[in-house]
Amino acid sequence: MANLSHELLTALDVDESCDLDAIIARRDPDDFDALRRLLTTDPAVNPRQRARAVYALGRWGDPSVVDDIRALLPELDREGRIGAIDALGRLGTEAALDGILTHAGDPSVPVRTFVTRALGRIATPRAEAELRELARTDPSERVRSLAEAQLA
Amino acid sequence: MATNVRTRVADRLGKTGTISLKKDVFGVYGNDNPQSRSLLGQLDLIDTTPFVRVAQVTVVGDDIVTPTPRPQRDLDNANTIYQRECDVWVYCEGSITVDRIELTFLDQDDCAGSNHSVSADEDDLFDIGRGLGANIVCYYIWSSTVVAGGCAAHPPGRRGFWLGSGPNSSPASPLVAFAHELTHIVGDNGHVSSPPPPAPPSDNLMTQLANKPVSSTLTATQCDRILADPDVEHP
């Protein structure tokens, strides 16, 4: 279990994210390390705290956590997968793109929607090629049209 | 009596034509919190007490199975708190359900009260329900990328807030989450810190404690801010 400061623990536990947004803006390396330690499937870690850590680290912008988030992905429920894919899209590395693309065929339309948004955010030639593929072949009209909009 | 009701509802609430006692007089649109409601008491509120208009929008999608929200319970609890603490009441102008699966899980950059980055999803969501007659709209969604139980950050000029229902985004104080978020909007009231243990926690509605009860309080200052809000209509 990660050792969290009272302030960080409070920000992870409360209903709204504004306190966590303030911690992200402060960019204290100790907070980063503590958040990173929550990226585990250890049952001792509260799933909501882990989801919040993924949110925070995706917005922190340090790509060193990409592999940690990718390792979580197979273990996450639909809500968690969306958060992780969103975070990977914001981190934007090739490894993050690899992690996102493992869910391009996810059975959940909302998950594929966030795959599409993440690809649009990364916007490299490879991401755009995958967007074109989604725009052509995804079974959901909504995902196809969103992919087309991201390419426009 | 009927003419009297019609006149008062028209004068204070702006409702004319065919009047529904349930919807137009009481502002009751849901069946999730059945209870006896006093017509005389409601008419007294309409005549004498400041109020704020709200609307409710439940966002659904065919791929999403979420716990059913309880918008009427939320309204009734907000009314209990606002009337008891500030002598203000909350009038629901309408409650609708929209099938917009793409907005059930909101893509959001942050939930900051100031310098908020408005995402495309928020821009779309906060457009819904603007014709219902209230300047403040509550949206019931599944979740958001900010992993929160609710959020009162909104695009400029479109006041409102959302409440979540997913596993990681159910409000920690479900009984009063609506009232809490509404109070961020009405009067622009911020959070109140609860003193660290061993001091007893504050019972204020605007703490971030979990499982806050309907007996949660508001201070005189918070009530003053609510009463001064431009969306509070005075008799």
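This is a predicted model: local features need pLDDT of at least 70, side-chain atom pairs count only at pLDDT 80 or more; totals for chains, interfaces and linings use all residues.

How many residues of chain A are in contact with residues of chain B?

1. The contact between the chains. On the side of chain A, 22 residues are in contact with 26 residues of chain B. The elements of chain A that give two or more residues to this side are helix H2 (18-26), helix H4 (47-60), helix H6 (78-91) and helix H8 (109-122), and the largest share, five residues, comes from H4(A). Sorted by class, the residues that chain A brings to the contact are eight nonpolar, four polar and 10 charged.

2. The make-up of chain A. The secondary structure of chain A consists of 10 helices and zero strands, and its C-alpha trace spans about 50 × 25 × 25 Å along the principal axes. The radius of gyration of chain A is 16 Å, which agrees with the value near 15 Å that a compact globule of 152 residues would have. Buried residues account for 49% of the 152 residues in chain A, and of its contacts with a separation of 6 or more, 60% join residues 24 or more positions apart.

3. The domains of chain A. Chain A is divided into domain 1 (1-60) and domain 2 (82-152), with the C-alpha centres of the two lying 26 Å apart. Six residues from domain 1 of chain A and six residues from domain 2 of chain A take part in the contact between them, and on the domain 1 side these divide into four nonpolar, one polar and one charged.

4. The make-up of chain B. Chain B has seven helices and eight strands, and its radius of gyration of 18 Å is close to the 18 Å given by the globule rule for 235 residues, so chain B is as compact as a globular protein of that length. The C-alpha trace of chain B spans about 50 × 45 × 30 Å along its principal axes. Of the 235 residues in chain B, 45% are buried, while residues 24 or more positions apart account for 65% of the contacts in this chain with a separation of 6 or more.

5. The domains of chain B. Here the assignment gives domain 1 (1-30) and domain 2 (49-193 + 200-233), and the centres of these two domains, taken over C-alpha atoms, are separated by 25 Å. Five residues of domain 1 of chain B are in contact with six residues of domain 2 of chain B, and the domain 1 side of this contact has three nonpolar, two polar and no charged residues.

6. The nonpolar core. The largest nonpolar core has 96 residues, and those with the most contacts inside it are Ile69(A), Ile85(A), Leu88(A), Val54(B) and Tyr139(B). Leaving aside residues up to four places away in sequence, Val54(B) touches several residues, among them Val90(B), Cys92(B), Ala134(B), Ile136(B) and Leu182(B). In soluble globular proteins, nonpolar side chains tend to be buried together.

7. A glycine to look at. Gly166(B) lies in the loop between strand E7 (160-163) and helix H6 (177-185) of chain B. Is Gly166(B) buried or exposed? Gly166(B) is buried, because 23 other C-beta atoms lie within 10 Å, where 20 or more are required. Ser143(B) is 23 residues away from Gly166(B) in sequence, yet the C-alpha atoms of the two are 5.6 Å apart in space.

Terms used: Residues are numbered from 1 along each chain as its sequence is written. Chains are lettered from A and ligands numbered from 1 in the order in which they are written. Domain bounds come from an automatic or database domain assignment. Two residues are in contact if their C-beta atoms, placed from the backbone, lie within 7 Å. Ala, Val, Leu, Ile, Met, Phe, Trp, Tyr, Cys and Pro count as nonpolar, Asp, Glu, Lys and Arg as charged, and the others, Gly among them, as polar. A nonpolar core is a set of buried Ala, Val, Leu, Ile, Met, Phe, Trp, Tyr and Cys residues joined through C-beta atoms within 7 Å. A residue is buried if 20 or more other C-beta atoms lie within 10 Å of its own, exposed if 12 or fewer, and partly exposed in between; C-beta atoms are placed from the backbone. Helices (H or I, at least four residues) and strands (E, at least two) are DSSP runs, numbered from the N terminus. The radius of gyration is taken over C-alpha atoms; the globule rule is 2.2 Å times the number of residues to the power 0.38.
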